[in-house]
Amino acid sequence: MNGVIDLTVFQVGLAYIFVLMVLIIVRILGIKREKELIIASIRMTLQLILVGYALVYIFDNPNPMITGLIILVMEAFAVHTVLGKYKNKLSLPMKKVIAFSMSMGTLTCIVYFLLIVVRISPWYEPQYFIPIAGMLIGNSMTGISLGVKLLLDGMISQRALVEEALILGATPQAATRSIIRNTFDAAILPTMNSMLGMGIVFLPGMMTGQILSGTAPTTAIAYQIAIMLGILGAVALSVIILLKLGYRTFFTQEVQLQTGLLDN
Amino acid sequence: MFKFVDVKYMDILDVPSLFIEKGKITTLVGASGSGKTTLLRMLNKMLSPTQGKIMFKETDLVDINSVTHRRQVTMLSQNPVVFEGSIRDNLNIGLKFQEKSLLSDDALLSMLEKVNLKKGLDTSPNALSGGEKQRLALGRVLLLNSEIYLLDEPSAALDDETEETIIHRVTEYVRKDNKTLVMVTHSKAMAEKYSDTMIEIAEGRCQSIRGCKRERSY
């Protein structure tokens with residue numbers, strides 16, 4: 001295996017030719033996106049430089065408090081992102097369910113993955129903890145976001161069926177069974193599709209990164225397989241907690257529909 | 001059986017006092033928007049009074065589990081909904097929701113005959129007309145063999161002749177097994193003919209409660 005080719009600032013600078021190319025294309029096509037494109041490129045560069053330096057410091061000075069704080073920030077950011085998408089459509093209990101399912105689903109899988117599968121030592125080793133937690137939280141965020149949307153859509157579009165089921169003596173769980181089933185199925189579908197295409201249609205980012213940085217492909221693949229299974233577990237667990245607790249927020253204590261939530 | 005004590009529901013319904021008798025047929029009549037459906041939905045706990053209380057067999061409805069209550073006080077909605085699947089699935093779904101054993105095809109066919117619906121059990125309910133869907137929903141509700149039935153305009157989408165047949169059969173079924181029936185109807189004549197008590201509602205208030213001299217005996 002050849003050594004890793006370090007990129008100089010000049011070499012990285014050469015990659016900005018792609019931004020220039022897109023700028024020319026959008027200008028020719030008359031799409032007014034130049035400003036956003038420049039902002040996105042600058043933001044991405046600055047964010048990664050800052051994260052890079054922060055990670056150098058964190059990796060050199062492993063500290064359980066710092067690792068914990070970073071995970072907390074990641075979880076909070078993920079919850080905030082989901083809540084921001086559905087601003088006025090969510091009740092307070094539903095917001096709590098989103099925060100709970102995101103944290104419980106991901107933390108359980110992160111702890112299992114790092115301590116039982118990878119067996120890192122010390123337990124807060126940031127080099128492993130932070131990137132792996134990031135992947136699990138990021139994918140669960142997508143799953144939960146999709147789950148919330150489909151649960152809301154399902155409750156609104158099938159409101160009459162849910163209400164008829166209640167009238168006939170169904171429990172809320174029985175009345176929403178098909179909505180929950182369809183939502184879970186659709187929310188884990190992107191993860192399953194990416195598993196199906198992996199290695200054939202595309203090489204996953206983590207594996208590509210590891211190979212580029214000099215890791216043997218077999219090691220990179222072993223990590224990729226394990227992390228994909230971890231992602232599947234985290235997404236499924238977060239979404240099922242979300243659905244199992246979330247459907248209840250659409251019903252009152254008297255087992256009537258919270259109609260105000262469904263009128264939006 | 002049901003006793004209303006100073007019941008109000010927002011500014012839609014105001015019932016200071018009302019008693020619905022066990023084993024009798026009570027009809028609610030009145031113009032549309034008068035509050036009949038609201039009153040019926042409160043009996044099924046699909047709505048709760050915003051003021052006052054409703055007693056059911058001497059217990060405040062608030063203290064009774066809603067799902068348990070709905071399994072003995074079964075309601076047919078004004079605009080019945082059909083579920084996915086066949087007519088068989090739709091007839092059985094109430095039993096499924098109530099965690100009871102499903103019925104044989106013979107029992108289901110006999111119910112279809114009772115509600116005057118001449119269709120096969122494997123037929124899709126999406127192909128049914130509004131009146132046929134209403135009768136399918138009625139059949140689904142009657143199969144639950146509940147103690148009390150609440151029917152909201154069970155014959156609204158039916159022609160006069162079918163309406164008469166259906167109401168006759170339903171009231172006959174209810175009386176035979178000494179069940180309680182509360183029915184919303186647009187037809188005063190039908191109410192007079194088939195019920196024991198007729199409650200007239202206007203603008204959310206009970207205008208009159210009177211006994212009916214039924215012409216038929218069962």
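User: How many residues of chain A are in contact with chain B, and how many of chain B with chain A?
Analyst: 14 residues of chain A are in contact with 16 of chain B. Contact means that C-beta atoms, placed from the backbone, lie within 7 Å. This is a predicted model: local features need pLDDT of at least 70, side-chain atom pairs count only at pLDDT 80 or more, and totals for chains, interfaces and linings use all residues. Residues are numbered from 1 along each chain as its sequence is written, with chains lettered from A and ligands numbered from 1 in the order written.

User: Which element gives the largest share of chain A's side?
Analyst: Helix H7 of chain A, residues 159-167, with six residues. Helices (H or I, at least four residues) and strands (E, at least two) are DSSP runs, numbered from the N terminus.

User: Switching to chain B. What is phi of B:Glu99?
Analyst: Near 55 degrees, positive in a residue other than glycine. B:Glu99 lies in the loop between helix H3 (87-97) and helix H4 (105-114) of chain B.

User: Is B:Glu99 buried or exposed?
Analyst: Exposed, because 11 other C-beta atoms lie within 10 Å. The cut-offs, with C-beta atoms placed from the backbone: buried at 20 or more others within 10 Å, exposed at 12 or fewer, partly exposed in between.

User: And why does B:Asn145 count as partly exposed?
Analyst: Because B:Asn145 has 14 C-beta neighbours inside 10 Å. B:Asn145 also has a positive phi, about 50 degrees.

Note on methods: Two residues are in contact if their C-beta atoms, placed from the backbone, lie within 7 Å.
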